Amino acid sequence: MSQPPAAPGRESLVSLRKVSKSYETPAGTWPALRDVDLELAAGDLVAVTGRSGSGKSTLLNLIAGIDRPSRGEVVVAGARVHELPEKALSPWRGKTVGVVFQFFQLLPTLTVAENVMLPMDFCNVRAPRERRPRALELLARVGIADQADKLPAQLSGGQQQRAAIARALANDPRIVVADEPTGNLDSETAAVVLDLLCSLSDRGTTVVIATHERDLAGIDRRVELVDGAAAVR
Amino acid sequence: MTAYQRKILRDLWRERLRTALVVLAIALGIAAFSGVLSAYAILTRELNRGYLATNPASATLVLDRLDDALVGAVARQPGVAEVEGRRSLRGRIKAGPGEWKGLQLFVVRDYADVRISRLTPQQGAWPPATGEMLVERDALQVVSGRIGQSVRVRTPGGVERTLRVSGTVADVGQAQARMEQVVYGYVTLATLAELGEEPYLDQLKLLVAGDRTDEAHVRGVAESVRRFVEGRGGRVRRVDVPKPGQHPHADLMGLLLLLMAAFGFFALALSGVLVVNLLTALLASQVRQIGVMKAVGGSDARIAGLYLAQALLLGGAAFVVALPLGLWGGRALSRYLSVFLNFDLLSFAVPAWVLLLSALVGLVVPVLAAARPVLRGVAVSVREALADHEVRGPGFGASAFDRALAGVGGSSRPLLLSLRNGFRRRTRLALTVATLATAGVFFMSAFNVKTSLVRTIDRLLAARKSDLSVALAQMAPLAQVERAVRQTPGVKAFEGWIVTEASPAGGASGPQAESKGLHGAGPSAAHASDADRFTVVALPADTKMLAPEIVKGRWLQPGDTKALVANDRLAARLTGFEPGASVTLSMGPAQVAWQVVGIAREPFSPNVAYVPLAFFESHGHGGTTNSLRLTLDDAAPATMPAAKERLDASLDALGVRALSSTSRYDGRRGFDEHMLMIDVFLLVTALILGAVGGLGLTTTMSLNVLERRREMGVLRAIGASPRLVWRIVIVEGALVGLMSGLLAALLAWPVSRGLGDLLVTLMFRTRLDFVFEPVGLVGWLAISITLGVVASFVPAWHASRHPVREALAHE
């Protein structure tokens, strides 16, 4: 099923053309995505919804270069992601895409600030002495600057997810993908986290959120996946 | 097969790589344990069997001389089953240009009728014809000789003749010739006559009737024979009664093997650490399954049984792998030690008790090791077990230690990750580090003990100021000797000593040939027990050739006449040798009371007492000597043979017969041969423990990576390259290696000191001058870090190659 292109006059940042992804399982071939076309522009705030197993995570993984399509093309920020060699994918991802996970996935042995500095270390995007101030600035932005030197286990779930968002923003990525970022949070905290993510698009970052949430305030587009096929609301 | 049993097998199969590593580590432990145990069983059986098959003499009486009539008469004495006349005398054999080695010549009347202390022909002729000599099989290499070769030998009388080496024999009762640096030769009386010696025998070798293993009975018979011989006018100079029914070195070998078996068991116990790590990780990954099993009716005992059965299977599989390896190792070790102790192995059969004990220990150790983690693992409640993975329990950061560790900062986050990740599973880390550190302790101990031995020997030799010691065949006028020495170019200084033997009051002995070597005095005195005899060295009180380390009292002083300084070995062997005490000794025809004035430390020496030469001068031996000490202008090892030859020639020219001459360098070689065994033992132990430790580290790193697979995915998702992920794991492995190296370094000092003392006390009854060898420390640090890198290489590679999506989906 085809999707309309990005709004005229705005730069197309994500382009999926005829993308299919299937997995080999003991029960046979399982199609996770089928012929998905998707165009996203800079600053888009997109919600990917659908039932469990509908292909939301697969779609986000393909955009983030975490997975490769079985068929079709994935072009993100000008890079033909499906053709990038494995070696080039990590640095590309570190600079271009920020990833937020459902279970936060902060590294437990690093402090919150260190977790945020880590992508900067990996991609060497700032001078070493600028990395901590940058991390603190991002933590302040998500409202947990006072937790900077604590270990993740000492933070609440909501605080951990905010830290994860700060980490996703560490290298000023053009795209942030968030896979069920509120799935493990209470509704009040979930609202705060969603507000945070939504606010990113105001600064020109394309945000793609896979979610079960039905009512997302300020959402630009909703892509609903049904059995691996996409439909726009 | 029930579902329960299938789960036992499939869980292990699912973790097959780690299972294989753990099985291999346990197998190494079992192999080491069973190998040493089977060597112990083979050697103790074969050594005594081989030795007893030669019909070793129950006792040997050394007379001035004996004839056939006396032998016949003794044979008819009650309690005597067999008797045979023999003779043994010391000479020298030429090993190269100007190089002479010690020769112990045994004279047998009739080679066709050897009934006691039998010799076994090996190669070449049997029996030796006149003018020929058989050589103990291990001794040929001492003179780099071969069968058919002619060799120059010099008798105690100073006559030098050529003998043809016509064959080799095995003489099980003799120590390994290459270690003693002595050639054992076997000749007939006719050959002895050709060598210019009077052809008589002087030893009665007895085989007692009745219980030959009863030492009191043997001593009783030997004593009655002594009285019988003396009643006929003969003079018995010495009675030797070896420990009945046992090879002279059986005790030493048994101790060494038991020590090795203890370390084999230790290696096995360490391999249990891997079982702990594997099952702890398995249980941690199966908490949810345990919850489900409990929810569907599984009792704690049934579920614990499931995991304990896995431990039992690990032990069983390891035993199957280890058994052939252990048996092969046992054979190899037996062969090595049989050559070392100079006896043949007739059978390599391993008794059933060795197999049973190895199987039992191999099966029990893994189960015992698994017991605690299994019981803890299955104690989890159903609710807790079925709770979501992410909210099951406190993670890193819950303890004060975690928070303190988080305070360790640094500019490299990847390095911090490696460091802090290493401490996440602290019990696993502690066990892994301890296992590897144990190997490190043994590795460093090998270096420390070796260096300490060298230092100890250096100190001993440093006390001996002479470059060359010459033992004379008999007492010689000092003036004549002095003239000969003066005529010898290159001699800087010289002293003439008297070396004799004594025993605590009871017998008589005259001055005789000097004894040497590590196994105590050679031919010696009187009726006292052979173990109580010791060497007495009479030397000028102001000697410049000896400056022993005095540990109690004082050294001899000018003006002393009946003062005695005992070495520490003698003081430990016999009671009453304490400064200030008076001891009465049988020396020659008289009993002499001595005042003990000091104790000298002389590691690796036989029992020796030093007395002033003034005593002998005042008792009729003035102006005589039988032992020379010399310092030379040039004491380099290469110049020694020429120096010895020059001195021999000068002494010969004046009719003085040298029995042996030993340079400082020669003394060192004998020690080095003995040290080899300790070195090999420590290094092999370190190697086995190192392999177990390395496998432990590999298992640990593999488990660490497995448990953190999702984190690796996250790292990749936020921009870490596969190479960086690989490096984080490798650095973690190297840090674990470094930690174990540092722990080993801390422990190595006390452990190697204790271990060195234990080994040296067992083998030589002395203590070490301990030295910590930095080469061992640096070497082990390098090895442990390398092991850490190597052990984490494959897990790191897997971690870095795993698809990010799969890693993120990993539970």
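Strand E5 (residues 132–136) of chain B runs parallel to strand E7 (residues 160–170) of chain B, the two being joined by 5 bridges; strands pair if DSSP finds at least two bridges between them, and both helices (H or I, at least four residues) and strands (E, at least two) are DSSP runs, numbered from the N terminus. This is a predicted model, in which local features need pLDDT of at least 70 and side-chain atom pairs count only at pLDDT 80 or more, while totals for chains, interfaces and linings use all residues. Residues are numbered from 1 along each chain as its sequence is written, and chains are lettered from A and ligands numbered from 1 in the order in which they are written.

**Strand pairing around E7(B)**

- Within the parallel pairing of E5(B) and E7(B), Val135(B) stands opposite Thr168(B).
- Strand E4 (residues 120–124) of chain B pairs with E7(B) in the antiparallel sense over 4 bridges, and here Gln123(B) is the residue opposite Thr168(B).
- Strand E6 (residues 150–154) of chain B is also joined to E7(B), running antiparallel over 5 bridges, with Leu163(B) as the bridge partner of Val151(B).
- The hairpin of E6(B) and E7(B) has 5 residues between the strands, and Gly158(B) in this hairpin takes a positive phi near 90°.

**Confidence in chain A**

- The pLDDT (the predictor's confidence in each residue, from 0 to 100) averages 86 over chain A, where 93% of the residues score at least 70.
- Over residues 1–5 of chain A the pLDDT is below 50, although this stretch has 13 contacts (C-beta atoms, placed from the backbone, within 7 Å) beyond near neighbours in sequence.
- Where pLDDT is low, the predicted coordinates should not be read in detail.

How values were computed:
Two residues are in contact if their C-beta atoms, placed from the backbone, lie within 7 Å.
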